[in-house]
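Reader: I am new to this structure and would like to go through it with you. Could you show it to me?

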Amino acid sequence: RLENQLYRVEVHQGGDRASARFKWSRDNAIVATRIAAIDGRVLSVADLGRDEVLGFAPGQWVEIVSEFTALTDTRHPLFEIESVDAGRRLVTLRTTAAAFATEPGLQLRRWDQSGSGAGETGLLMAADWVELESGVEALFTDGSYRAGDYWLIPARTATADVEWSRG
């Protein structure tokens, strides 16, 4: 890639490796916006991001979060974006988010996983290396995982490598 990245790999659903699920972001999960209103599948948001790279687009996976979810390690399902109306600042999801319409202080946070393995609970933790993108991979060992646990992986352009402790 042309720029430095700080990948965040986060456990979305806890359990042993066979049942736990994860999500990931190339930008430390900082791409987020305030949700003003939820009407079924349609979210009215404060903004759609700074640009095409740090914004929201069809096909991306997002999570609805709040202070409550952050404090209690509660995880809502992930939603796939169906369409974005930039002029009216509307994000339409493939499934309804009506259950969250009355919850205060909501934000929409973007995650970057994609493909056939992505879903509302994240990605499976495979027994072998899982490629995130651009040669960045994650390996999950046997053990117990807790929702909310995460790892940060700095990837640097100058060295074309990740800055990860190898010892």
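Reader: Leaving aside its neighbours within four places in sequence, which residues is N4 in contact with?

Author: Happy to start there, and please keep in mind that this is a predicted model. Beyond its neighbours within four places in sequence, N4 is in contact with A155, R156 and T157. N4 itself is found in the segment before β1.

Reader: How far apart are N4 and T157, in sequence and in space?

Author: They are 153 residues apart in sequence, while their C-alpha atoms are 5.4 Å apart in space.

Reader: Why is N4 called partly exposed?

Author: Its relative accessible area is 44%. Buried means under 20% and exposed means over 50%, so a value in between counts as partly exposed. N4 therefore falls in that middle class.

Reader: What about R75: where is it, and why is it given its accessibility class?

Author: R75 sits in the loop between α1 and β7 (78-85). Its relative accessible area is 22%, so R75 is partly exposed; the cut-off for buried is under 20%.

Reader: Which residues does R75 touch, apart from those within four places in sequence?

Author: R75 is in contact with E10, V11, H12, K23, E63, T69, A147 and G148.

Reader: Let us turn to the rings. How many aromatic pairs does the structure hold?

Author: There are 6 aromatic pairs in the structure. In one of them, Y7 and W24 have ring centres 6.0 Å apart and planes at 40°.

Reader: What makes the pair of Y7 and W24 tilted?

Author: Centres within 6.5 Å make a pair, and planes under 30 degrees apart would be stacked, while over 60 would be edge-to-face. With planes at 40°, the pair of Y7 and W24 is therefore tilted. Y7 lies in strand β1 and W24 in strand β3 (residues 21-25), so the pair ties together parts that are 17 residues apart in sequence. Both Y7 and W24 are buried.

Reader: Why is the pair of F140 and Y145 called edge-to-face?

Author: The ring centres of F140 and Y145 are 6.1 Å apart and their planes are at 80°, so the pair is edge-to-face. The cut-off for that name is over 60 degrees. F140 is buried, and so is Y145. Together with F22 and W151, F140 and Y145 form one aromatic cluster.

Reader: How do you know that R8 lies over the face of Y150?

Author: R8 is placed 3.6 Å from the ring centre of Y150. The distance limit is 6 Å, and the charge must also be within 35 degrees of the ring normal. R8 counts as lying over the face of Y150.

Reader: Why is I35 called buried?

Author: Its relative accessible area is 8%, and the cut-off is under 20%, so I35 is buried. I35 is found in strand β4 (residues 32-39). Leaving aside neighbours within four places in sequence, I35 is in contact with L43, S44, V45, I64, L106, Q107 and L108.

Reader: And T92, is that buried or exposed?

Author: T92 is buried, with a relative accessible area of 13%. Its place is in strand β8 (residues 90-93). T92 touches R41, V42, I81, E82 and S83, not counting residues up to four places away in sequence.

Notes:
Residues numbered from 1 in each chain as written. Predicted model: local features only at pLDDT ≥ 70, side-chain atom pairs only at ≥ 80, totals over all residues. Heavy atoms only, no water. Helix = DSSP H or I, 4+ residues; strand = E, 2+ residues; numbered from the N terminus. Buried < 20%, exposed > 50% of the residue type's maximum accessible area, 1.4 Å probe, protein only. Contact = heavy atoms within 4.5 Å.
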